[in-house]
Amino acid sequence: MTNWLEDPIRWIAEWLYSVLVGWGILPSVADVILMITGAAILSTLALLWVLFLIWFERKLIGRIQDRFGPNRVGPWGIFQSVADMIKIFTKEYITPQGADKVLYNLAPVLAVASVLLIWAVLPFTRSIMGVNLNVGVVYIVAVGGGGVLAILMAGYASNNKYAFLGASRAVAQLISYEVPMVISLLVPVLLAGSMGLNDIVQAQSVPYLVMAPVAALVFFITSMAETGRAPFDLVEAESELVAGYNTEYSGLKFGMFFVGEFLHSFTAALLFAVLFLGGWRGPFVDQVPLLGLVYLFIKTMVIYFLIILVRASVPRFRIDQMMDLNWKVLTPLSILSFLVTAVIAKVLEGQFLFQVLGLLAGNVILLVLFMEWGERRNKRNRRPMVSQPRPLATPASDETSMAQS
Amino acid sequence: MIPLAWYLIFSAGLFSIGLLGVLVRKNAVSILMGVELMLNAVNINLLAFWRYLWAPEVDAQVFVAVVLIAAAAEAVVGLALIISAYRRRQTVVVDEMNLLKG
Amino acid sequence: MSAFQIVFLLIALLTLFSALMVVFARKTIHSAFWLILALFGVAATFATLAASFFVVIQVAVYIGAIAILIIFTVMLTRRSMEESGDQLLPGWGWAALVVLIVFGGLVFMLLQWQGIFQPPQVLTAGGENLENLGMALVMPDRYVIPFEVASVLLVAAMIGAIYVAGDHKKRS
Amino acid sequence: MLTAWLYVGIFLVVAVLLPAVAIALAGILAPKKSNPIKTSVYECGIEVVGPARVQIKAQYYIYAMVFLVFDVEMVLLFPWAVAFKQLPLFAVFEGILFLLILLGGLFYAWRKGALEWF
C-alpha cells in the first residue's frame with residue numbers, strides 16, 4: 001500500500017481496487033473498471049480545463065491589445081466561458097443541404113478525440129499517468145493524423161467551397177509541418193534512448209532545451225503550426241476563406257472544433273514541457289512526488305503564455321511564405337540539427353559534462369551558420385522592398401504624347 | 001489466447017477482399033486501395049508468424065518495415081501516374097485509359 | 001471464449017466489413033474513408049499481437065499519410081469525386097466467384113498445416129524489443145543493405161512522382 | 001504491453017464518446033426549426049454556383065507525397081534512435097547516410113520547384 005500523502009491518486013486507485021475485489025468482482029474486471037474510471041476522469045478534466053484556457057487567453061489577448069477582455073460574468077469575468085458553454089448548448093444545429101451526414105457529424109467528434117488521446121500517454125508525475133507506452137513519441141505523431149482526418153472530413157462533408165478549400169489548405173499545412181516536427185522529436189528520443197514519455201522525462205537530468213535548443217525551437221514553431229494558431233491560422237483567414245473548414249458548423253459541433261483547438265495548443269505546451277523542459281522534474285520531487293504536478297503545471301503555463309504572446313504579436317503569414325518557412329527553413333534546419341546532435345552525442349559519449357557542453361555549442365554554431373546562410377540567400381533573392389519612384393510627368397513628354405494622339 | 005489460425009484466416013479474408021477490389025472496381029484509385037488492403041493482409045501474416053513462432057527475434061519486423069516502404073513507394077508512384085493520366089485523358093476509369101494507343 | 005477473443009473477433013469483423021465497403025461503396029471518396037477504418041482495424045489487430053511499434057507506424061503512415069494522399073488524389077481527379085453510379089466493372093460476379101475460390105483454397109491449405117495451432121512465444125516484460133530492431137536495421141551483418149536500398153527506393157519514387165505529377169507547363 | 005493497449009483502447013472509446021454525448025445532448029436541448037433558406041449552403045449571401053467539391057490543384061498532391069516519403073523514413077529511424085546508445089560509430093553513420101539520401105531528395109524537389117506554392 002502506498003502512503004496517501006506521497007501519492008494520493010495511486011492510493012485512491014489501490015483503495016478502489018481493493019473495494020471492488022472485496023465485492024467479489026474478478027481482479028481483471030476490476031482493472032478494466034479502474035481504467036475506464038481513470039480515462040473518463042482524465043478526459044473530462046481536460047475538457048473542463050478548456051473553459052479556463054479560453055478565459056485566460058481572451059483576458060490575456062485583451063490586455064495585450066489594451067482592452068479589458070471578458071469582465072462581466074463573475075470576478076474578472078472568470079465565468080464568461082461557463083456562460084458561453086451554457087449558451088452554445090442551446091444553439092440550433094444547421095446542417096447544410098447536400099452535406100454528407102455521417103462524415104459531417106463524425107468530424108467534430110474526431111477533432112476532439114484526436115487531441116484527447118494524447119493525454120493517455122502524458123506523464124503528470126512519476127507515477128500519475130495513463131500508460132508509459134514504449135512507443136509514446138510515435139504514438140503522438142500517429143494520433144495527430146486523426147486531427148488531419150477530422151479536418152478533411154469536415155471540409156469534404158460540408159458541401160461548401162470555402163470549407164473544401166480551407167480543409168485542403170489546412171491539411172497541406174498540417175502535414176507539411178509534421179515533417180520537421182517528427183525530425184525534432186527524434187532528438188529527445190535519441191538522447192534518452194527510449195520512446196516512452198516517462199522514460200524521456202526520467203532521463204533529463206539536464207533539460208533537453210539545453211542539450212538540443214535547435215530541436216526545441218523547431219518543435220515549438222511546428223507545434224504552434226500544428227494547432228493552427230495565429231501566425232499560422234491561414235485556415236481561418238477570414239479575408240480569404242470565411243472560417244475555413246468549419247464554415248458550415250453551428251452550435252456545439254462548431255464548439256467542439258473550438259474546444260479541440262484550444263486543448264490542442266495547451267497539449268502542445270504540455271508536450272514541450274515534457275520533452276524539452278524535464279516534465280515533472282524539479283527540486284525535492286523525489287521526496288514529494290506530487291510536487292511534480294506543480295512543476296509540470298508551471299512549465300506548461302510558461303510555454304502556453306509564450307504561445308499566446310506569439311499569437312498576439314506576430315501577424316499572419318501568407319500561405320506561400322508559410323510553406324517556404326516549413327520546407328526551406330525548418331526541414332533542412334531540423335535535419336541538420338539532428339545530424340549534429342547524433343554525431344556529437346556519439347563522439348563525446350561517456351563524458352556527460354562535455355557531451356552537454358558540446359551539444360550546446362554545436363547547436364548554437366549550427367543555428368548561427370544557418371541564419372547566416374539564410375541571410376545571404378535572402379539578400380540574393382530579395383525583391384526591392386519599395387519600387388523606384390516613377391519620374392513625374394514632364395511638360396515635354398506631355399507634349400509628345402498629345403502630339404501622338 | 002487467440003489461435004494462430006484466426007489471424008491467418010482473417011488475413012486471408014482481407015487479402016481476398018483486396019483482390020476483389022482490384023478485380024472489380026472501375027476507378028484506378030480504388031484499385032490502388034485494393035492493393036493497399038492486400039499489402040496490409042501480408043503485414044498481418046508476417047506479424048502473426050513473428051508473434052507465434054519467432055517472438056523475441058526481430059527479423060520478421062524488418063520485413064514488415066520493408067513492406068511498409070514498398071507500400072508507400074507504390075502509393076506515391078501509382079497515384080502520381082493516375083493524376084498524370086487524368087490530366088491527359090480526363091478520366092480515371094481503367095477501361096477508358098488506353099494510353100498506349102496514343 | 002475469453003474476452004480477449006471476443007475483442008479480436010469484433011476487430012476482425014469491423015475490418016472485414018469496412019474492407020468490403022471499400023470495394024462496394026458507391027462513391028470513391030467513401031471507399032477512401034472506409035479504407036481508413038479498415039487500416040485502423042489492422043492497427044488494432046497489431047495491438048492484439050503486442051507489436052506496439054507497428055500499431056503506431058500503421059496509424060502514422062497508412063492513416064496519417066497514405067490515406068490522406070489517396071483522398072487528395074480523389075479530390076484532384078474531379079470526375080472520380082462526382083461519379084456516384086455503379087462503380088463496378090460489368091461481370092464482377094465472376095470475379096467475386098474467383099476470389100471466393102481463392103479464399104476457400106487458402107483456408108483449406110492453412111487448415112492442412114499442423115503448426116497452425118501453436119501457442120504464441122512468450123514475450124519479455126517490455127514487449128517487443130525496439131533496440132534490437134534498431135540494431136538490426138543498421139548493423140552490416142543484419143539488414144543494413146535492404147534498409148538503405150529501401151531509402152533510395154523511396155527517394156527515387158518521390159523524384160519520379162514529382163516528375164510525373166508536377167505541372168510542367170506552368171514552370172517552363 | 002497488452003494492458004497498455006487495452007488502456008489506450010478504452011481511452012479511445014471514452015474520448016470518442018465524450019464529445020459525441022455532448023453533441024447529442026445539445027441536439028436534444030437545441031431548437032429544431034429548419035427551413036430551406038437556413039440550410040442553404042453559405043456563400044456570403046450569393047447564389048451558389050457550381051458544385052462545392054471543386055478540383056484542387058496538383059500542388060497539394062506534391063506536398064502530401066513529399067510528406068509521405070519523409071514520414072515513412074523518419075518513423076523508421078525511431079528504432080535506430082532508441083538503439084543509439086548501443087550503436088558503434090559506423091552504425092551511427094549508416095543512419096546518417098539514410099538521412100542524407102533523404103536530404104538529397106529534398107534538395108532535388110527544391111531545385112525542381114516542387115516546393116513552390118505558386
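Mentor: Let us begin with B:S30, which, leaving aside its neighbours within four places in sequence, is in contact with B:R25, C:T28 and C:S31. Contact here means heavy atoms within 4.5 Å. This is a predicted model, in which local features need pLDDT of at least 70 and side-chain atom pairs count only at pLDDT 80 or more, while totals for chains, interfaces and linings use all residues. Residues are numbered from 1 along each chain as its sequence is written, chains are lettered from A and ligands numbered from 1 in the order in which they are written, and side-chain values use heavy atoms, with hydrogens and water left out.

Trainee: Where is the place of B:S30, and is B:S30 buried or exposed?

Mentor: Its place is in helix 2 of chain B; helices are DSSP runs (H or I, at least four residues), numbered from the N terminus. With a relative accessible area of 4%, B:S30 is buried. The classes are buried for under 20% relative accessible area, exposed for over 50%, and partly exposed in between (1.4 Å probe, protein chains only).

Trainee: Which chains have the most contacts among the pairs that touch?

Mentor: Five pairs of chains touch, and the most contacts are between chains B and C. There, 70 residues of chain B are in contact with 84 residues of chain C. By contrast, no contact joins chain A and chain B, whose closest C-alpha atoms lie 15 Å apart.

Trainee: How is the size of an interface expressed, and how much do chain B and chain C bury between them?

Mentor: The size of an interface is often given as the accessible area lost when the parts come together. Buried area is that loss (1.4 Å probe), summed over both parts. Chain B and chain C bury about 7100 Å² between them, and 77% of this area is on carbon and sulfur atoms. On the side of chain B, the residues that lose the most area to chain C are B:F10, B:R25 and B:M33, together 10% of what that side buries.

Trainee: How many salt bridges and how many residue pairs in polar contact does the rule find across the interface of chain B and chain C?

Mentor: Side chains of opposite charge can pair when their charged atoms come close. A salt bridge is counted when a side-chain nitrogen of Lys or Arg is within 4 Å of a carboxyl oxygen of Asp or Glu. Across this interface the rule finds one salt bridge. C:R142 forms a salt bridge with B:D59, with 3.5 Å between the closest N and O atoms. Seven residue pairs are in polar contact across the interface of chain B and chain C, both residues at pLDDT 80 or more. A polar contact is a pair of N or O atoms within 3.5 Å; within protein, one must be able to donate a hydrogen and the other to accept it, and residues adjacent in sequence count only if both atoms are side-chain atoms. The elements that give two or more residues to the side of chain B that touches chain C are helix 1 (4–24), helix 2 (28–53) and helix 3 (59–89) of chain B. Helix 3 of chain B gives the largest share, 22 residues.

Trainee: What is the phi of A:W76, and where is A:W76 found?

Mentor: A:W76 has a positive phi of about 55° although it is not a glycine. A:W76 is found in the loop between helix 2 (27–64) and helix 3 (80–89) of chain A, and counts as exposed at 63% relative accessibility.

Technical notes. Buried area is the accessible area (1.4 Å probe) that two parts lose on being put together, summed over both.
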